[in-house]
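Please look through the model before reading the points below.

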Amino acid sequence: QKIVIVGGVAGGATAAARLRRLNEQAEIVLFEKGEYISFANCGLPYYIGGTIPQRDKLLLQSVEGMSKKFNMDIRNLSEVIRIDRANKKVVIKDLRTNNEYEESYDKLILSPGAKPIKPAIPGIEDANNLFTLRNIPDTDKIKSHVDTNNIKKAVVIGGGFIGLEMAENLVDLGIDVSLIEASNQVMAPLDSEMAAMVHEHLVQKGVTLHLGDGVQSFEANGTKVNVTSGAHVDTDMIILSIGVTPENTLAKDADLALGVRGTIVVNEHLQTEDEDIYAIGDAIQVTDYVNGTPTMIPLAWPANRQGRLVADHINGLQATYNGTMGTAIAKVFDLTVASTGNNEKTLQRLNIPYRAIHIHPVSHAGYYPGGAPIALKLLFDEQTGRILGAQAVGKTGVDKRIDVIATAMKGNLTVHDLQDLELAYAPPYSSAKDPVNMAGYVAG
Ligand code: FAD
């Protein structure tokens, strides 16, 4: 069997490795249009900020290393430009030579990811100090701009995960950062009262916040950013991080169905309309685990999980993707901000009945040094006890509480079961009544 994979990072590389582990005979060919495969996207902001000092730590596998280790044919700088479904072939453009050639497949896996949204804002074409961040070349460009131009001021546009991580890392480099966000809060997965804590912390750390204020235009080669309120911000560089859009050209040209925001539609086995073509990762439409609606959730866990499942399915194993809950976490300076499931905004929009509780327990025994309050919000269905979502903001212990709740949700535990979770306790880590237990007690 010959399996061709498009995209060699999170989803694609995972699928390739699992395919080889399951079948020593299969012919596996992986195409990546960039120079690098299997790099640590999520580490890129921390390399720019200096927390990760060595560039090569971002490169998890090399083309040669992975080809050899897994006995597969990996071709970088090779863009798949067309799918010929009728003849089960793909057309590849070798970006070194511009030559085009064909490769046949029995099964095709698309893991092309999503690219940064870059709208046609007036002046954007002339803004030669404007960057987006997706891959290693983007990272190199940003780092060299910062290192060689004595950057004093930066504007980050968009208060999502990447925007906030970039804001922190630029502040770490001694740069004065302004964050411009069109909606009235950062971090869309949070409800506004939770995001307010993040706003306060950002301001404390010296970030100038422009909330509810979109970018109207760029002037003077991007050194002046005009916002809709009429104000302007002078800057030496701009990071544009207002979200991503699926890489759907191949699928679209091959007449495969597209769904929400142009994502590739797949079934529960991650097959597109064409059963020999699978699609995974940021580019696909997933089902929201809590409310059942179709959505796009571009995160690394789903891409990895789907990569594994696709390899299982191709090898005849039981493999069903159960939807995405959107469990996510970010470090914002001294805070950890995490969430899982649906927020109140989403539940209201879909008219799903819920009750919300807020608690503020200390992360571990108050008498042991280093504890700090965690603001924990839990959303659940009062009739059935079903947990619908949770959000937490705090300095320590946030990650495990959200992970425990996410686990409870996947295991179909109710809010009442949270009282009865027997969780690890010693004073440096928790209290005999863990914050998750307390949420269960408060929920009743
Ligand atoms: P990718 O990993 O983007 O891989 C797709 C690859 O396909 C790309 O390398 C692309 O060049 C290649 N490709 C596309 N089209 C073609 C073609 N036609 N031919 C050949 N190759 C092609 N997620 C988290 O959960 N936590 C985090 O902390 C986090 N931090 C992030 C920080 C940054 C800066 C970025 C950019 C992303 C971050 N993410 C994070 C998101 C995470 O990286 C993605 O969800 C994940 O990489 C998606 O995997 P994928 O395989 O769908 O796409």
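1. Axes here are lines fitted to C-alpha atoms, for helices over the stretch in contact, and angles run from 0 to 180 degrees between N-to-C directions. Helices (H or I, at least four residues) and strands (E, at least two) are DSSP runs, numbered from the N terminus. The model is predicted: local features need pLDDT of at least 70, side-chain atom pairs count only at pLDDT 80 or more, and totals for chains, interfaces and linings use all residues. Residues are numbered from 1 along each chain as its sequence is written, and side-chain values use heavy atoms, with hydrogens and water left out.

2. The axes of helix α1 and helix α8 (residues 300-314) come within 7 Å and cross at roughly 35°. Contact means heavy atoms within 4.5 Å. On the α1 side the residues that meet α8 include Ala10, Gly11 and Thr14, and on the α8 side they include Ala303, Asn304 and Gly307.

3. An open sheet is formed by 5 strands in the order β3-β2-β1-β7-β18, with parallel pairing. Strands count as paired if DSSP finds at least two bridges between them. β3 (73-75) and β18 (277-279) are at the edges with a single partner strand each, so one side of each has no neighbour in the sheet. From one strand to the next, the twist averages 15°.

4. Within this sheet, β1 (residues 2-6) and β7 (residues 107-110) run parallel and are joined by 4 bridges. Opposite Val4 stands Leu108 in β7. Helix α1 (residues 10-22) packs on the sheet and touches β1, β2 (27-31) and β7; the direction of α1 makes about 170° with that of β2.

5. Strands β21 and β22 (residues 335-341) pair in the antiparallel sense over 5 bridges, and Ala330 has Val337 as its bridge partner in β22. The two strands form a hairpin with 2 residues between them, and Phe333 in the turn has a positive phi of about 55°.

6. Glu165, in helix α5 (residues 161-172), touches Pro45, Tyr46, Ala330 and Lys331, not counting residues up to four places away in sequence. Glu165 is buried yet has no salt bridge (a side-chain nitrogen of Lys or Arg within 4 Å of a carboxyl oxygen of Asp or Glu). The nearest side chain of opposite charge, Lys331, is 9.4 Å away; Lys and Arg count as positive and Asp and Glu as negative, while His and the chain ends are not counted.

Conventions. Buried means under 20% relative accessible area, exposed over 50%, partly exposed in between (1.4 Å probe, protein chains only).
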